[in-house]
Structure formats: C-alpha cells, structure tokens
Amino acid sequence: MPARILDGAALAKAIRSELRPRVAALSATLGRPPGLGVVLVGTDPGSEIYVRNKLRAADEIGVRADLERLPATATLADTLGLVDRLNQSPAHDGILVQSPLPAAMGPEAEQMVFDAIDPAKDVDGFSAENVGRLVQKRSGPVACTPRGILELLDHERIAIAGARVVVIGRSDIVGKPMALLLLHRDATVTICHSKTRDLASVASSADLLIAAVGRAAFVTRAFVRPGATVVDVGVNTVTDPALVGSLFAGDGQRRAAFERRGSILVGDVHPEVADVAGALTPVPGGIGPMTIAALLGNTIRAAEGEWRRR
Ligand code: NAP
C-alpha cells in the first residue's frame, strides 16, 4: 500500500488562517501590525526565492515584513549595524538574517550576526542564547524547520514518545534542533552524518526517519523499515534529464514539469520510498510551507511578547 502523504501545504494554509485573527488583535493593541525585519546580504538566487516566499506569506496574513538589503560587498560591521538598528526598532518584533552570508565575510560571520540579534526578536532561533535555551528545554524561539516538522507530526498523530527516531544530518538549522525537540518529546534519537557507518542499516531501525542531507533521492528503500514515517526535509534542484527520467519513470506530471522548466525540486528521499513507508512528506508541499508557517508563528509570538516575559 503506498504511503500516506503528510500534506504540509494544506496544514500550513490552515495555520495561516488561524494566525490571521491573532495578527488583527495584535495590530489593534499595538497600534501597528506585527513587524518582521528580513536581512538579505547579496543576491544568492536560492536566498532570493526563500526571502520572497517569506515576505509573501507574511503579507498575506497582515504581518508587515520589511526587506532590508545589503550589497554582496557589505562588511560584517555593516551587517551588525543593520541588525542593531532592527534590534532598536519599535516597529520590528522579529528579525531574521537570511543564510548564507557572502563567503567573503568569513566563516565566523554568520554565527556572530545571529548572536547579535536580540534573543526576544530572534525568530529563527539561531542565536547561541536561544540554542542554549533549547538544549535546556526552556522557553524561547525554536528553529522554524524543526518546529514546523513537529507541528505536522502532531497534527497527523504520529507517535513520538518512545519512538525510535533517526535524524540524518547534524546541521545547526535542521538536524541538531530537530534531534533535541524529539528528545524532549521522549523519543529515542540517533543522529547520523557523513561519517556514520552502515547508514542504511541504522536508518532502517527507525519508526520515524528524518532526512536533512541535501542530496537528491539519497534515502532509498533500503533505508526504510516498512511502515515507518519518513520526513523529507531536502530541497534539491535537479537539472539532469537522465536522473529525472529514472526517478520519475512512472510520474508523467513530474516529467512534464521538468520539460517545461528545465529543472525540478527533488527531496532527499527517493520516490520508491513511497512504496515502503507508512507515511511520507512530499517535496514540494511538505516541510517547506510548514517552515514558513512556523516563522509566522514565531513572529506573532515575539510580537505578543512571549519571550520578553521569561
Ligand atoms: P547541511 O548544513 O549541508 O547539512 C547536511 C547534513 O547532511 C550534514 O550534517 C552532513 O554530514 C549530512 N550528510 C551529507 N552527506 C551525507 C552522506 N553521504 N551520508 C550521511 N550524511 C550526510 O544542510 P541543511 O542546512 O541541514 O539542509 C539539509 C537539506 O534540507 C537541504 O536540501 C536544504 O535545502 C533543506 N532544507 C529545507 C528546508 C525547508 O524549509 N524545507 C529548510 C532548511 C533546509 P556532515 O555533518 O558529516 O557533513
């Protein structure tokens, strides 16, 4: 039986509708809409798309999102100066700095900029203070992708307490916070990465498998215990016609989309996994929209003052 599809796009839409009255109430109390400052340094094409989607989603529910651009030649000091201005701004409840920053700023720059954001406005939850609070299971904004995943799993009544969970990927933005959130929900969590031995065998022990690798169709049938829930975080642009042909041999719609655009978005999970898994998140339409819904939720909670009171 093919896997049940966990429809993140539909749930994200419902969440956005639920957020609208909270935005309206806040606008009345604050005398202004909740505000999000979005910092974009340079013109990375992927970042341009992510930022555009975030701005559109905010606008749709009445959150004022201001795009603050700096050129690719901006210095770390310029970026810190902009963050400081947004920290002081009474019109901005949330701040996010789109990753990656230009490589020329140096390897330490990104975390330094995240750490400069007022922790109560840090809606991505990437600052050292908020990561520390997550480790200690204290209140604070939590990274949007893992938070969105948890919301989708809860909505779909996927059991977490006591479950064996394998997270493939240990990034600061997905893998690590995901593992912590699941640990706090009493799952037994294994974190895998590029040095993990017998990865497919470890992964196939999971009741719940989270793939955040960044490699198209990396997780094949061999990684998945029959009936397991599989969350596909990966967003990979594939331009190779042969790969598209082999991955989507039985899916005329996806092949046609590729023919039209010359590229297609593919997750970290191979389409064949749909024949083995019990439940599966699609790409696109799974974790991407849930991530944006979580960002809006964090912005509204910041505007409600949730993280000022702690
Ligand atoms: P990342 O920082 O590049 O981390 C990738 C992780 O995968 C690393 O921990 C790496 O291990 C591991 N890995 C790489 N190759 C591997 C292999 N052969 N075997 C086992 N592990 C391997 O990526 P990320 O930022 O976490 O993002 C992961 C994916 O999710 C990307 O496709 C990204 O575009 C997508 N994403 C989607 C959303 C969304 O909203 N849907 C949000 C964020 C990210 P090492 O640590 O050993 O190098």
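Two strands pair if DSSP finds at least two bridges between them, and helices (H or I, at least four residues) and strands (E, at least two) are themselves DSSP runs, numbered from the N terminus. With that in hand, I can start with β5 and β6, which run parallel and are joined by five bridges.

Before I go further, a word on the source. This is a predicted model, in which local features need pLDDT of at least 70 and side-chain atom pairs count only at pLDDT 80 or more, while totals for chains, interfaces and linings use all residues. Residues are numbered from 1 along each chain as its sequence is written, and side-chain values use heavy atoms, with hydrogens and water left out.

Let me place β5 in its sheet. The sheet is open and has six strands in the order β1-β11-β8-β7-β5-β6, with parallel pairing. At its edges stand β1 (4-5) and β6 (188-192), and because each has a single partner strand, one side of each is left without a neighbour in the sheet. Helix α7 (residues 175-184) packs on this sheet and touches β5, β6 and β7, where contact means heavy atoms within 4.5 Å. The direction of α7 makes about 170° with that of β5, the axes being lines fitted to C-alpha atoms, for helices over the stretch in contact, and the angles running from 0 to 180 degrees between N-to-C directions.

On its other pairing, β5 (residues 164-168) is joined by four bridges to β7 (residues 208-211), and these two strands also run parallel. Within that pair, Val 165 stands opposite Leu 208, and Val 167 stands opposite Ile 210. Towards β6, Ile 168 stands opposite Cys 192. Together β5, α7 and β6 make a right-handed β-α-β unit, right-handed meaning that, with the strands pointing away from the viewer, the path from the first strand over the helix to the second runs clockwise.

How enclosed is β5 by the rest of the structure? Four of its five residues are buried, so β5 is largely enclosed; buried here means under 20% relative accessible area, exposed over 50%, and partly exposed in between, with a 1.4 Å probe and protein chains only.

Now to the other sheet, which is open as well and has three strands in the order β3-β2-β4, paired in parallel. Here β3 (64-70) and β4 (94-97) are at the edges, each with a single partner strand, so one side of each is left without a neighbour in the sheet. Neighbouring strands in this sheet are turned by 20° against each other on average, direction ignored. Strand β2 (residues 35-41) is joined to β4 by four bridges, with Leu 36 having Gly 94 as its bridge partner and Val 38 standing opposite Leu 96.

In a regular strand the side chains alternate between the two faces of the sheet. In β4, Gly 94 and Leu 96 point one way, Ile 95 and Val 97 point the other way, and all are buried.

Across β2, β3 and β4 lies α3, running at about 160° to β3. Helix α3 (residues 76-88) contains Thr 79, which is buried, with a relative accessible area of 0%. Leaving aside neighbours within four places in sequence, Thr 79 is in contact with Val 41, Leu 70, Met 105 and Val 113, and its side chain reaches the backbone oxygen of Thr 75 at 3.0 Å.

Most residues other than glycine have a negative phi, and most peptide bonds are trans. Arg 157, in the loop between α6 (144-155) and β5, has a positive phi near 55°, and Arg 157 is exposed, with a relative accessible area of 76%. Asp 186, in the loop between α7 and β6, is not a glycine either and has a positive phi of about 70°, and at 56% relative accessibility Asp 186 counts as exposed.

Where are the cis peptide bonds that I would point to? One runs from Ser 99 to Pro 100, with omega near 5°, and Pro 100 is in the loop between β4 and α4 (109-116). Another runs from Val 283 to Pro 284, with omega near -5°, and Pro 284 is in the loop between β11 (279-280) and α11 (287-303).

Notes
A polar contact is a pair of N or O atoms within 3.5 Å; within protein, one must be able to donate a hydrogen and the other to accept it, and residues adjacent in sequence count only if both atoms are side-chain atoms.
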